[in-house]
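Please look over the sequence and the structure shown here before reading on. The report that follows takes up a few parts of the model in turn.

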Amino acid sequence: MANAPHGGVLKDLVARDEHLRDNLKIEAHGLPDIVLTERQLCDLELIINGGFSPLEGFMTETDYKSVVDNNRLADGVLFPMPITLDVSREDIDRLSIASGSRIALRDPRDDQPLAIITVEDVYRPDQVKEAIEVFGADDPAHPSVAYLRNKVKEYYIGGKVQAIQPPTHFDYVALRFTPAELRAHFKKLAWRRVVAFQTRNPMHRAHRELTVRAARQRQANVLIHPVVGLTKPGDVDHYTRVRVYEAIMAKYPNGMGHLALLPLAMRMAGPREAVWHAIIRKNFGATHFIVGRDHAGPGKNSQGKDFYGPYDAQDLVMKYHEELQIEMVPFQQMTYLPSTDEYQPVDEVPKGVQTLDISGTELRRRLKTGAPIPDWFSYDAVVKTLRESYPPRLKQGFVVFLTGLHGSGKESIAKALQVTLNQQGGRSVTLLLGDTIRPELDTPFSATEEEHSKNLQRLAFVAAELARAGAAVILAPTAHKQAARDAIKDTILHQAGPGGNFFGIHVATPLEHCEANDRKGVYARARKGEIRGVPGVDETFEDFERPQLTVDITKQNVPEIVHSIVLLLETDSLL
């Protein structure tokens with residue numbers, strides 16, 4: 001039989017509130033509303049379908065503080081992760097949010113009302129303490145600390161929710177199971193023991209061997225339960241990963257495994273996250289849960305050291321073993337033995353026997369360069385899927401980001417580079433000049449600082465989409481603040497998929513030359529006070545930190561600069 005839910009009762013709020021659905025939907029139409037972020041949407045889905053049992057809403061201040069300090073809700077039930085609904089001071093004033101308020105929570109994709117929250121309290125958390133206690137350090141190298149600093153608003157609202165409807169999904173609908181549905185599936189198939197495997201990465205032969213071995217040792221079945229919500233920035237997109245999972249399921253013994261998708265927003269919180277994952281899998285009916293080395297670890301901190309020890313996650317899950325009531329299966333590092341064509345746990349291989357392994361870094365290199373990936377490491381169908389989504393370097397898009405003062409020559413360089421890349425062929429080449437999508441429709445230096453920042457974000461978004469599709473993009477705005485440059489680079493790296501190849505080039509032509517050759521009179525007008533916001537006059541052009549290339553048209557001519565950029569791209573195997 002399936003494992004009992006955490007806290008004893010599955011909090012399936014969709015089923016609980018089904019008889020109220022029509023009335024709640026009508027009520028939501030007249031209520032103030034909050035359009036959820038992507039992370040809040042993932043959290044709400046798992047609150048209302050019971051994946052986060054025993055939660056029935058977003059945490060109040062009492063629960064939040066108890067979880068941050070003690071890994072427990074205020075009533076003492078083990079729950080290690082704060083599940084919060086963040087709002088701004090502006091939201092609170094605009095929506096008149098206070099204790100007793102009822103607020104509709106809407107899907108950001110289609111604006112449909114998903115639930116109504118009855119506010120119990122509004123509080124301002126100590127987010128630095130949250131970072132230190134939950135993630136181990138207030139270090140922006142941790143993706144969730146960076147998210148906390150840059151995207152989470154300053155207030156949280158707590159309260160129980162009433163469910164109107166779950167979010168509508170259009171991808172892989174047949175693979176999406178609620179806890180109640182998955183429990184019913186296990187019951188129908190008479191699965192009494194279920195080993196759950198958590199992953200946010202593609203699976204290969206070693207993962208298949210590990211999970212099959214774990215199931216056979218426990219006379220159990222296998223639940224492959226990958227995360228398809230928010231994962232670590234830079235991860236393989238979930239569409240590609242699910243195609244990989246579907247291909248690898250055919251390699252399991254008939255009837256042993258089942259694939260179901262989990263709409264979780266990961267926090268990469270290492271030990272706490274492992275306990276949280278175990279609770280979630282328990283709610284979905286699993287009896288066993290595989291916990292790996294450095295489970296849900298985000299990698300290196302700002303000092304270049306791992307955020308968590310390799311066995312911290314396993315140790316914390318074992319500490320709470322009695323309360324969790326789900327058996328931990330330690331992840332065994334598997335290695336390939338060519339002499340017998342099989343995988344074995346590393347600690348069971350006799351001394352002197354040859355073994356073979358391919359690291360994640362080496363796999364990514366082979367995918368990028370088109371180098372062969374041996375069949376002992378992965379399956380042909382898996383490799384084919386990965387190669388379709390991650391083409392070799394010569395077919396990947398990229399972004400060349402040129403910035404400098406007005407009149408620095410960046411536009412001349414950009415136009416010349418476009419001609420050179422068009423001559424090479426193999427990709428479409430897009431040129432985005434100026435600080436807006438259509439600079440010919442706008443008066444230069446007429447935007448406010450906020451408008452300028454938004455325009456640069458729009459440019460970055462367009463560039464990322466083009467690069468994702470395999471285009472070469474030349475971007476040449478006057479991005480005079482380092483924060484804006486960092487934001488553009490971050491957008492390209494995290495949203496352009498395999499086209500996330502970014503080259504920052506500082507056109508460091510001196511102000512004196514730019515002003516002396518300013519045929520449009522921009523600097524003269526700025527010095528008379530006729531226009532404002534001109535870098536070099538009334539705005540500082542901040543130092544460009546860590547550009548891949550620095551050029552100056554007073555020291556090099558345009559053909560020489562273009563040639564140096566081409567060499568940079570060739571060195572990176574993109575040309």
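## Helix α10

In this predicted model, a side-chain oxygen of D237 comes to within 3.2 Å of the backbone nitrogen of Y239, at the start of α10.

Nine of the twelve residues of α10 are buried, so that the helix is mostly covered. Among these buried residues are H238, R241, V244, Y245 and I248, and the elements that the buried residues of α10 pack against are α9 (205-217), β9 (221-224), β10 (257-259) and α15 (380-389).

## Strands β13 and β14

Strand β13 (residues 334-337) runs antiparallel to β14 (residues 342-345), and four bridges join the two; in one of these pairings, M334 has P345 of β14 as its bridge partner. Four residues lie between the strands of this hairpin, where D341 takes a positive phi near 50 degrees.

In a regular strand, side chains alternate between the two faces of the sheet. Both faces of β13 are covered, with M334 and Y336 buried on one side and T335 and L337 buried on the other.

## Cavities

The structure contains two cavities of 30 Å³ or more, and the largest cavity has a volume of about 120 Å³. Its lining is made up of 14 residues, of which R39, P82, T84, E130 and R267 are the closest to the centre. Two or more lining residues come from each of α3 (38-48) and α6 (127-135), and α3 gives the largest share, three residues.

Conventions: Residues numbered from 1 in each chain as written. Predicted model: local features only at pLDDT ≥ 70, side-chain atom pairs only at ≥ 80, totals over all residues. Heavy atoms only, no water. Buried < 20%, exposed > 50% of the residue type's maximum accessible area, 1.4 Å probe, protein only. Contact = heavy atoms within 4.5 Å. Polar contact = N/O pair within 3.5 Å; in protein donor to acceptor, adjacent residues only side chain to side chain. Pairing = 2+ DSSP bridges. 1 Å grid on protein atoms, 1.4 Å probe; cavity = no way out; pocket = protein on both sides within 12 Å on 5 of 7 lines; lining within 4 Å. Points joined across faces, edges and corners; volume = space filled by probe spheres on them.
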